[in-house]
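Here is a short report for a first look at this model. Please have the sequence and the coordinates open as you read.

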Amino acid sequence: MGIAMAVAVIATMLFLGQIGNIDWTNITQGGYVLQNEAVELIPSIGVSWKVGADALSFPMIWLTAVLIPISMLVEWDAKRGHLFHPLLLVMEGALLGVFVVLDLFVFYVFWELTLIPMFLLILMWGGDDRRYASMKFFIYTFAASVIMLVGILVMYFHTDPISGMGSLTGHHFDLVAMTAQENLIPSEGLRHLVWLMLLIGFATKMPSVPVHTWLPDAHVQAPTAGSMLLAGVMLKMGAYGFLRVAVTVFPESTIEFIPLLIVLGMASLVYGAWVCMGQTNLKRMVAYSSVSHMGLIFLGIATMQPLGIAGALFMMFAHGIISPLLFAVAGAFKHHYHTLEIGSMRGIAHHSPWLAAHMMLGWMASLGLPLLAGFVAEVAIMIAFWMTYGWLVLLPALTLIITAVYYLSSMQRTIFESNDPEKGILPDTMHGEEPRDITWHENAGMLILGAMTVLFGIMPFIFWDMMSDWSSGFTFETLIDAMHSQGWKP
Amino acid sequence: MGESTNEWNLLAPIIPFVLVAPLLYAQGWESVEAAFLIVVIPLLTFPAILVAGQIYNGNETWKNRFKEGGIFGLGALASSLSISLWIVYDYVAGSSHFEMHSVVEPFSWLTFDVIHYDGSQWDVSSGFADIGVGVWLDPVSLMLLFVATFLCFLICWFSLGYMNTDPINEDSNHRFYGEFVLFAIGMFGMVLADNFLWLFIFWEIMGLCSYLLIGFYYWKDSAAAAAKKAFLTTRVGDVFLMVGLLMLYDIYGSLEFSIIFDDPSTGVGGALVNSTDLNWALLMLFIGAVGKSAQFPLHVWLPDAMEGPTPVSALIHAATMVNAGLYLVFRMVPFVDVHVNGVAGLEDFALVVAWIGGITAFMAAAIAFVQNDIKKVLAYSTMSQLAYIFTGLGAGLLFLNLGEYHAGYFVIGASMFHLFNHAMAKGMLFMASGSVIHEVHHAHHHLHHDDHDFDPQDMRNMGGLASKMPITSIAMMFGSMSIIGIPLIGGFWSKEGIIAETWLAYLHKEPLMLGPAILVLATAGMTGFYMTRMWLMTFAGPPKSDVAEHVHEGTPWIKEPLIILTVVTALGGFLLALLGAVDYLGGEKDHLAMHGVVDTLKHAFLPDDNELRAIGWSTILLAAIIGPIMASRVHGGKLAEGVKANPIVGWLVNLSSKFGSQDVSEMANSQLAEALQRRLYFDDLYEWIVANTAIPFASFSAWFDKNIIDGVIKQIESNSVSGSVSVRGITTGSTRDYILMAAVGMLSIFALIWGVSA
């Protein structure tokens, strides 16, 4: 597993080393800053190896490259590490593939490829109910992706031929060319249908209410590193794909379906928060809080303001560093106290001061405390939302109170309150075992995540500037025309 | 422990911190340029304290020499104090100038674009560009900066004695000092912020620290619950505050003071600001202020917040953080000031502010009547005094919106001056109460080692402490006098102005101001009663328990800050009144300058206006004479035989026994007293509402998600399993069937492809 770690760290380093070489000033045009010459993979049906990165994908790539070593670190002592850590590397490859590929065929291949290592992680290292959870996770998201695939195929059959591509079918999977093609699907009804098919695939991944129920089950059973990656990066695939494919290629349909986006976003955000409040399992609660936060991404996009879209992008990133911290904390509870039941213990801060400190930071970051990463995204989305929808903003705003309620209550009933200045009340699952604090490697992983949360909270402009530029470019070049053609106004 | 000498040499490490300001001056810096260091130095110190504390916990040097981080905290706060004194000196003495304010160049924090619909098409909106960070100074922020840095420093000093000598805090004081310094960052940042968003950001940081420090004894159920209650109650306000920010941003295209206040009547793109929109925005901001400053109906958290260590109550819940709401309301002055581009038609908003203030002032004073916990009395007193300031600000906003700008500026200045006086007096009162609690706790610990049911904060266990704790009793006497508004001392100079102007607003402008006017006048008398009651119950009469007999004032590090603050409380109000602080804070003068003593006194006691004279003297009569005498009749009494106190206090104790005595046990058992004991049932009501709406709804949501939404999925799952069992029947084993099926399948695929691509 040392080797796996080394590979991951080298990959991360190589990647981080590239940042300095990128001319980010060009990013304003909304184009791809990094893009290779397409290499033909299956020329007969128009599949090519074409990769690129822009401000939409770059933070996600960065996040993946950073999170993999951290999650390895947190689960440094995983059982059967010689299988566990390589699986995480497979995961890294698949995720990076999803974020860089600009050919929808290859995109779909990577998209499904991410399922396999995660499926195995849950199946082999999961909790008691892992068989059910892993099957549900796989089949649920797979079924949704198949619908998305049908949508992609319909798009494929509407592409105009490019010379040298698709000698057999006369079509191609090149996303850049699809975006550039005027009126890819002429029939409005079919276009909307395709958009909805894509939405089903992406919304299930995000996940959005009502197709979210695979997530809590998968999270509760998954090993800590699996949960961290699932929440940190895999959920972002949904939002990323939605923006990259559905919104970019079909801006008119997006504008047509804005009410649907608002309904889905509000449902996820508000209903998700209420469900959170009713949970008694720590990990389940954190999982539902992911659903709730992902709702904000739909709301940010629905504002149709550069500010709101930049907020959605920053939410993807911020949630990508906060939620792994939350799951690392929840995992540590499982690991050291053998239970996730909120309320089965009290005063844990006595025995695990580091765990309590990380919990405090992560919980505060997730409830949107200023100067921690999540706040920037929240406030940007809210400002944009008020500008477009006015008083409707009260719904998401008041939900912030619910968020605070469930986070604070869960802390109060785990790490605080033992009424003994010396020791806490341990859960029954300890069976007389001596309580202890988290191990050094868990601590190190959480410290890095916590430090990033603070860093990007105080200095959001590190990523915000490029996200904001991208959103402006995207709005001016793509969305405004569509808004005019659809006659959309606030 | 127990030794009464400070080890002054321990303070050596703070010298370099103090030297920061002189060194920068010698380097040719302007004081304003150094302002950001007020926030940055503590910002670097607080993680250092936490990390060092984790590493060196239990180490002897760390514990005895560095006071578990207290020395570093004190050092950082000393440097903030020295820089802020430098700035305050520059402005007050006039070596730096501002017309109305002064801004240090901000840098951009977030940049972005906004598009808008101009009726026919979408375009990039001009005016919206970024949210920056910068420093803003005007008389009120200078005053608050001084209050914050000065009190943070003194209370940190006090904590060296209070926290480090209590065995229960051993090995966790680094947490206390770390959070304490983080709080200081929040407060300094909020005062210096040059735009509403950063004001909000630091506001929330303070909220976090309030949460952490109330829950400092996290293992206590009551402390953990109080911390949560404080955070959630203020969170309700904060959410509305945030909505208010969104609305302001939409109106003005910026949240920076310099841009908004330049011309509050014109919004983004030169559009005229609609008073209805602005009214809503201000109202939303005001709900945030109500939450933070613990005003009705979001007041329930403040009394519970007394679960925190006493220095925390002194600093956060009396002297600094709770002023944030007042500061926010003060920042609304340019919006309503029709004299300089304000928007007319906001009288209703001003009335709301004044009414909330009046109601809270009266209600809190009434509840304070029946409290026996010394800190709870002070907590309700804090609520009540803050409410005075809200009433004053409400009256001021009303005047300004109606164009009466002299009266408006005067009462706004008086309100801000009351903020100063109250912060000094209440910070000191809490420190004094901390001193009492600490020594009572010590004495009890000494006498009954194993008894844990004793409450060292209950005034029914005290009495007669005037002879045992001379410094504390004098300090508390001056503090109480300042809060009551005894003529010439502290709060008198500001409270008088607030009450008088509220009445004038009723008499000359707005009949609906009658409510707040009556309420604040009545509260003046009630303040006289409950503050005197608290002092007498603690210090007068014979000792009420054996513990109280064995108290002595002996803990190091506690007396000095108490003495300093007593001097400031006793003399500061008068001095600043002589210097014309009210006009300075109201923005009518741009520097402080000496008035004649006679003029000032005449203005206060014998104003030309008959109405003012009548109101002024009835206030003095109620607050300084009737209230205290009634309290003396109930709780007054000589010290035990043969015990002597120092002359001032001794005279006061004797005086209190001269008004006869009154038996109030019947009144104490009445339903009204019961209602007051239960805090007028607000806490019960809120708890009932939450328990009967939110919690069942959350459980229902969880059930719904598990059984309905996921239930549908599970249904599909089981159907497909049974479906596949029946489909298995197709597997006939006959080649003919298979070929047929393959053919049908291929045909349908072709049909699909053809249909889609056509």
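## Chain B as a whole

Of the 758 residues in chain B, 57% are buried (a residue is buried if 20 or more other C-beta atoms lie within 10 Å of its own, exposed if 12 or fewer, and partly exposed in between, with C-beta atoms placed from the backbone). This is a predicted model: local features need pLDDT of at least 70, side-chain atom pairs count only at pLDDT 80 or more, and totals for chains, interfaces and linings use all residues. Residues are numbered from 1 along each chain as its sequence is written, while chains are lettered from A and ligands numbered from 1 in the order in which they are written.

Chain B has 31 helices and 4 strands. Both are DSSP runs numbered from the N terminus: helices are H or I with at least four residues, strands are E with at least two. The radius of gyration of chain B is 31 Å, close to the 27 Å from the globule rule for 758 residues, so chain B is as compact as a globular protein of that length. That radius is taken over C-alpha atoms, and the rule is 2.2 Å times the number of residues to the power 0.38. Along the principal axes, the C-alpha atoms of chain B fill a box of roughly 120 × 65 × 60 Å.

Contacts mean C-beta atoms, placed from the backbone, within 7 Å. Among contacts in chain B between residues at least 6 apart in sequence, 82% join residues at least 24 apart.

Two packed helices are described by the angle between their axes and the distance between the axes. Axes are lines fitted to C-alpha atoms, for helices over the stretch in contact, and angles run from 0 to 180 degrees between N-to-C directions.

| Helix pair | Angle | Axis distance |
|---|---|---|
| Helix 17 (residues 374–401) and helix 20 (residues 492–509) of chain B | about 40° | 9 Å |
| Helix 13 (residues 310–319) and helix 18 (residues 405–447) of chain B | about 160° | 9 Å |

Helix 13 of chain B is therefore roughly antiparallel to helix 18 of chain B. Helix 17 and helix 20 of chain B are oblique to each other. The cut-offs are under 35 degrees for roughly parallel, over 145 for roughly antiparallel, 65 to 115 for roughly perpendicular, and oblique for the rest.

Residues of helix 17 in its contact with helix 20 of chain B include Tyr388(B) and Gly392(B). Helix 20 of chain B brings residues including Lys495(B) and Glu501(B). This contact of helix 17 with helix 20 of chain B divides into 6 nonpolar, 3 polar and 3 charged residues. Ala, Val, Leu, Ile, Met, Phe, Trp, Tyr, Cys and Pro count as nonpolar, Asp, Glu, Lys and Arg as charged, and the others, Gly among them, as polar.

## Where the chains meet

The contact takes 54 residues from chain A and 44 residues from chain B. On the side of chain A that touches chain B, 37 residues are nonpolar, 13 polar and 4 charged.

## Backbone details

One runs from Val209(A) to Pro210(A), with omega near 10°. Another runs from Phe296(B) to Pro297(B), with omega near 0°. Pro297(B) sits in the loop between helix 11 (275–292) and helix 12 (301–304) of chain B.

Ala294(B) lies in the loop between helix 11 and helix 12 of chain B. Its phi is positive, about 55°, although Ala294(B) is not a glycine. Is Ala294(B) buried or exposed? Ala294(B) is buried, with 29 other C-beta atoms within 10 Å. Arg80(A) also has a positive phi, near 50°. Arg80(A) is exposed, with 11 other C-beta atoms within 10 Å.

Key. Two residues are in contact if their C-beta atoms, placed from the backbone, lie within 7 Å.
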